[in-house]
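Trainee: I would like to learn how to read a model of this kind. Could we go through it one feature at a time?

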Amino acid sequence: MATTTTATMTNSKEHLTLSHNLRKPLVEKLRRERINSSIEQLNSLLGPEFLKQQPESKLEKADILEMTVCFLTKLLQQNQQQKKQLNRLKNPKASFDANEAEVSLSSSVHSKDEDPDPKVLWRPW
């Protein structure tokens, strides 16, 4: 009896390993297809924005992702600025006090040796 159980377990382990080895490339291929599809969707959604920055170059996937991050960051900053402006309109006294504190804080934190424009993408080539 013991040999039959051991033989069955060995066969089932071999079957699982074989099944896993056959399934792994397929799963990886599907994962890559999902990534590529999403990058293509980003490219089509943000295409006009990309053309403003690099009109005559073919964009690599990394370029598309970097530019998307920059675009979304800029969009979030604009959204925050609009919220601040809306709050200022709703409550002028509180916004004046907050503005005053922000100006004093930013003037003490910022130096003359600031980084270059953060919107410009770094390219190693």
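This is a predicted model: local features need pLDDT of at least 70, side-chain atom pairs count only at pLDDT 80 or more; totals for chains, interfaces and linings use all residues.

Trainee: Which residues of α3 are buried?

Mentor: Burial is judged by relative accessible area, with buried meaning under 20%. In α3 the buried residues are Asp63, Ile64, Met67 and Thr68.

Trainee: What elements does the chain have, and in what order do they run?

Mentor: Count the elements, then follow them from the N terminus. The chain has four helices and zero strands, and the order is α-α-α-α.

Trainee: Where in the chain is confidence highest, and where is it lowest?

Mentor: Take the mean for the chain, then go element by element. The chain has a mean pLDDT of 75, with 56% of its residues at 70 or more. Helix α3 (residues 61–90) has the highest confidence, at a mean of 90, and helix α4 (residues 92–109) the lowest, at 60.

Trainee: How many salt bridges does the structure hold?

Mentor: Look for side-chain nitrogens of Lys or Arg within 4 Å of a carboxyl oxygen of Asp or Glu. The structure holds two salt bridges. One joins Glu28 to Arg31, with the closest N and O atoms 2.6 Å apart. The other joins Arg32 to Glu28, at 3.6 Å between the closest N and O atoms.

Trainee: Where do Glu28 and Arg31 lie?

Mentor: Check the spacing along the sequence. Glu28 and Arg31 are both in helix α1 (residues 2–45), three residues apart, which is about one turn of the helix. Arg32 and Glu28 are four residues apart in helix α1, again about one helical turn.

Trainee: How exposed is Glu28?

Mentor: Glu28 is partly exposed, at a relative accessible area of 30%. Arg31 is also partly exposed, at 38%, and Arg32 counts as partly exposed at 42%.

Trainee: What percentage of the residues in the chain is buried?

Mentor: Of the 125 residues in the chain, 10% are buried. The accessible surface comes to about 11,100 Å², and carbon and sulfur atoms hold 60% of that. Among contacts with a separation of 6 or more, 44% are between residues 24 or more positions apart.

Technical notes: Residues are numbered from 1 along each chain as its sequence is written. Side-chain values use heavy atoms; hydrogens and water are left out. Helices (H or I, at least four residues) and strands (E, at least two) are DSSP runs, numbered from the N terminus. Buried means under 20% relative accessible area, exposed over 50%, partly exposed in between (1.4 Å probe, protein chains only). Contact means heavy atoms within 4.5 Å. Accessible areas come from the Shrake-Rupley method with a 1.4 Å probe; for residues, only the protein chains shown count as cover. pLDDT is the predictor's confidence in each residue, from 0 to 100.
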